[in-house]
Amino acid sequence: SAGGDVTWTEGGIDDVSAITGEPVQVWRGFQTENNNPVELAVAVNSPEGNYPVSLSVQSPYWMTIDTYFASFNTTLEDDVWEIPKPLCPDPPSAETKGSPKSTTASSTTPTGPTPKAAAAAEAAAAAMSSSGPNPFPATFGAYLTTNISQAGYEGGNVVTSIMADCTDGPANQIAKTTYGNFHTVLVDCTQRLVYNYDLDGIDCSLQTIGGPDGGAGDIDARVCDSCALPFGIRDTAGVYETDGASGFEWTVDDDGRSYSGSQSLGDLEMHIVFDQDGTTPLYETVSQPGWQRTTVTISNWTTDVDSALFAPPVCFDGLR
């Protein structure tokens, strides 16, 4: 199916939720379309004994999502679906001013592309680029507007700003992402630490990153396996890949600015578009069958990043 049916391999396992501490029953399986492992924990003491507490979908080569269900309820108010009138205008009517009016079809039959143009298009579609798109600069900053969707769900847009320095490779990279609510996640792979804070130093907390040798941490070591691009994929040492996978096979348009790639591991599909000079990324989509698709629009691109901006706020001085 479009969502990737889950084949359950074990279930009804009595456990305790690591999030809430309540007794749960755990079910484990995998999505048949892409083999992503799935784990669902349901509350034993819920009214019907099946209210979800947490759901984890692990994608080894794309996005891993852990969801916690707080205040789960099966009863909704009648007005929950109403659009807030003071904030949102009424939807446009079927016929609005400026709508195109019906026209009589032209008697002239449109012609298709000339044989020469068609041949050029086929050649461009078949042309494979072994090197793929141009690499990102080692250090860059940008604004990202990301749309997230999956089977049965449209997640809307997530607005972030990113500064990243992967000069010494992903194992020593540092990446700073700030979300629209002014929450910042600063990943320092050299220190194997993640700094979480709001604004310039409110609600500060630290998390550890698992070691490259498999040592335990709060955050999976994979975040330091590839150079960072939130909700997207960029190159690592010139090769676009995920988690040290084999990389993408690329088809390049004849303008040299648009690339479409596929990676057999994880069945990932990717499309990236650069500006006229072919060096500044403008737009990228990444998708995995049965799982999530992201569309990232890149703006305010710069390679002039002040290294002082990677310093964590002073609220962490007593935490490290």
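Residues are numbered from 1 along each chain as its sequence is written, and side-chain values use heavy atoms, with hydrogens and water left out. Because the model is predicted, local features need pLDDT of at least 70 and side-chain atom pairs count only at pLDDT 80 or more, while totals for chains, interfaces and linings use all residues.

Ser-226 sits in the loop that links strand 12 (202–208) to strand 13 (235–236); strands are DSSP runs of E of at least two residues, numbered from the N terminus. With 13% relative accessibility, Ser-226 is buried (under 20% relative accessible area; exposed is over 50%, partly exposed in between, with a 1.4 Å probe and protein chains only). Beyond its neighbours within four places in sequence, Ser-226 has contacts (heavy atoms within 4.5 Å) that include Pro-170, Gln-173 and Thr-242. The C-alpha atoms of Ser-226 and Thr-242 are 6.5 Å apart.

Twelve aromatic pairs turn up across the whole structure (Phe, Tyr and Trp rings, the six-membered one for Trp, with centres within 6.5 Å; planes under 30 degrees apart are stacked, over 60 edge-to-face, the rest tilted). Phe-69 and Phe-72 pair edge-to-face, at 6.2 Å and 75°. Tyr-240 also belongs to an aromatic cluster, together with residues including Trp-250 and Tyr-259.

Terms used:
Helix = DSSP H or I, 4+ residues; strand = E, 2+ residues; numbered from the N terminus.
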